[in-house]
Amino acid sequence: GCKRLALSSPYSGDEAEMMREPTRVAAEEYGVMLLEETDLLVTRLFPRDVAEGKTVFLIAHDDGVLAEYAELKELRRRCDADGCPEDAELEIAWRFGRLLSYSDEKIVELISRRG
């Protein structure tokens, strides 16, 4: 109940297949929304390849959080098409960090690791 959005571990195709049903059942039991993501948003918070070719389950309390995530993905897509200036790159990372309910200190730490 503390985080707006939570991420599962990244799973290979076979692992995701095994985890899909238990994850769905747990989400239903706890009354949270679940989104299976095969193209996780890339930001400076995590290594670019952290979930490349893998599935991550996004867990949220409501559709609004998942809509906000979708907006960030669209912003990332537009940014990439336009060459993604530094300020836009940082905005995406900060907004994703906030969505994940990270503290300012944690966001700064994660971004500083990626330069």
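**Entry 1: salt bridges**

I searched the whole structure and found 16 salt bridges, a salt bridge being a side-chain nitrogen of Lys or Arg within 4 Å of a carboxyl oxygen of Asp or Glu. This is a predicted model, in which local features need pLDDT of at least 70 and side-chain atom pairs count only at pLDDT 80 or more, while totals for chains, interfaces and linings use all residues. Residues are numbered from 1 along each chain as its sequence is written, and side-chain values use heavy atoms, with hydrogens and water left out. Side chains of opposite charge can pair when their charged atoms come close.

I looked up Arg 24 and found its side chain in a salt bridge with that of Glu 21, at 2.4 Å from N to O. The two are three residues apart in helix H1 (residues 13-30), so about one helical turn separates them. Helices (H or I, at least four residues) and strands (E, at least two) are DSSP runs, numbered from the N terminus. Arg 24 is partly exposed at 36% relative accessibility, and Glu 21 is partly exposed at 43%. I noted the cut-offs: buried is under 20% relative accessible area, exposed is over 50%, and partly exposed is in between (1.4 Å probe, protein chains only).

Next I looked up Asp 39, whose side chain meets that of Lys 73 in a salt bridge of 3.8 Å, N to O. Asp 39 lies in the loop between strand S2 (33-37) and strand S3 (56-60), and Lys 73 lies in helix H2 (residues 63-81), so this pair ties together parts 34 residues apart in sequence. Lys 73 has a relative accessible area of 23%, so I wrote it down as partly exposed.

In helix H4 (residues 104-114) I found Arg 113 and Glu 109 four residues apart, about one turn of the helix. They form a salt bridge, with the closest N and O atoms 2.4 Å apart. Arg 113 counts as exposed at 51% relative accessibility, whereas Glu 109 is partly exposed at 33%.

I also recorded a network of salt bridges that links Glu 17, Arg 20 and Glu 36.

**Entry 2: helix H3**

How many residues does helix H3 have? I found 14 residues in H3 (residues 86-99), reaching 20 Å from the first C-alpha to the last. That is close to the expected 20 Å at 1.5 Å a residue, where the expected span is 1.5 Å times one less than the number of residues.

I then listed the buried residues of H3: Ala 88, Glu 89, Ile 92, Ala 93, Phe 96, Gly 97 and Leu 99. Strand S1 (5-7), H2 and H4 are among the parts that cover them. Just after H3, Ser 101 takes a positive phi of about 65°.

**Entry 3: the disulfide**

I looked for disulfides, meaning pairs of cysteine sulfur atoms within 2.5 Å, and the count came to one. It joins Cys 79 to Cys 84, with 1.8 Å from S to S. The torsion about this S-S bond is about 95°, so the disulfide is right-handed. Are Cys 79 and Cys 84 buried or exposed? Cys 79 is buried, at 6% relative accessible area, and Cys 84 is buried too, at 14%.

**Entry 4: confidence**

Last, I checked pLDDT, the predictor's confidence in each residue, from 0 to 100. The chain averages 94, and 98% of the residues score at least 70. Confidence is lowest in H4, with a mean of 94, and highest in S3, at 97.

How values were computed
Contact means heavy atoms within 4.5 Å.
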